[in-house]
Amino acid sequence: MLAGSIRESIVLLESGLHRIQAVVTNYNLGDGLGRDTVNAIRAIGLNAPTIVMSGSLGTDREESIRRGFSAYFQKPFSYLELRRKLKALLKKRSASTAVWL
């Protein structure tokens, strides 16, 4: 799913038409902050890993994690690094939701 704004992402998430496994968002968006998307995701009960990206040196990695993001990337970053982190977060999520009989 690709959304052009926070408002659009929230509408798409709330529609339930998409199976969301993870969210990657920019920190500063045209209509708000990436954390607004995370808050909306949590409000509808979606427990997906969330990754935030920022090109601003004033954005604090630890603060982003405290605010609910699973990971933080400072721009510019390697696509390979993002891919590895996303894969690790999805594997961790899968392991934590597994049912053992």
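Visitor: What's the bridge partner of Val23 in S4?

Guide: Val23 has Thr50 as its bridge partner in S4. Before we go on, this is a predicted model: local features need pLDDT of at least 70, side-chain atom pairs count only at pLDDT 80 or more, and totals for chains, interfaces and linings use all residues. Residues are numbered from 1 along each chain as its sequence is written, and side-chain values use heavy atoms, with hydrogens and water left out.

Visitor: Fine. And which residue in S4 is the bridge partner of Val24?

Guide: For Val24, the partner in S4 is Ile51. S1 and S4 run parallel and are joined by four bridges. Strands pair if DSSP finds at least two bridges between them. The labels are DSSP runs numbered from the N terminus: helices are H or I with at least four residues, strands are E with at least two.

Visitor: Which way do the side chains point along S1?

Guide: They alternate. Buried means under 20% relative accessible area, exposed means over 50%, and partly exposed is in between, with a 1.4 Å probe and protein chains only.

Visitor: How many residues of S4 are buried?

Guide: Five of its five. Thr50, Val52 and Ser54 point one way from S4, Ile51 and Met53 point the other way, and all are buried.

Visitor: Why does Thr50 count as buried?

Guide: Because its relative accessibility is 0%. Leaving out residues up to four places away in sequence, Thr50 touches Val23, Val38, Ile41, Arg42, Gly68, Phe69, Ser70 and Ala71. Contact here means heavy atoms within 4.5 Å.

Visitor: OK, new topic. Where does Pro76 lie?

Guide: Pro76 is in the loop between S5 and H4. A cis peptide bond joins Lys75 to Pro76, with omega about -10°.

Visitor: Which residues make up the largest nonpolar core?

Guide: There are six: Leu13, Ile20, Val23, Ile41, Leu46 and Ala48. A nonpolar core is a set of buried Ala, Val, Leu, Ile, Met, Phe, Trp, Tyr and Cys residues joined through side-chain atoms within 4.5 Å.

Visitor: What does Ala48 touch?

Guide: Not counting residues up to four places away in sequence, Ala48 touches Ile20, Gln21, Ala22, Arg42 and Arg93.

Visitor: And where is Gln21?

Guide: Gln21 sits in the loop between H1 and S1. It counts as partly exposed because its relative accessibility is 37%. Gln21 and Pro49 are 28 residues apart in sequence and 7.3 Å apart in space, C-alpha to C-alpha.

Visitor: Thr37 next: buried or exposed?

Guide: Buried, because its relative accessibility is 5%. Thr37 is found in helix H2 (residues 34-43). Setting aside neighbours within four places in sequence, Thr37 is in contact with Ile6, Ser9, Val23 and Leu29.

Visitor: Last one. How much space lies in the largest pocket?

Guide: About 380 Å³. Of the 18 residues that line the largest pocket, the closest to its centre are Met1, Ala3, Ser9, Val23 and Val24. On a 1 Å grid over the protein atoms alone, a pocket is an open set of points where a 1.4 Å probe fits, with protein on both sides within 12 Å along at least five of seven lines, and lining residues have an atom within 4 Å of a point. Grid points are joined across faces, edges and corners, and the volume is the space filled by probe spheres set on the points.

Visitor: Which element gives the most to the lining?

Guide: S1 does, with four residues. Helix H1 (6-15) and strand S1 (23-26) each supply at least two.
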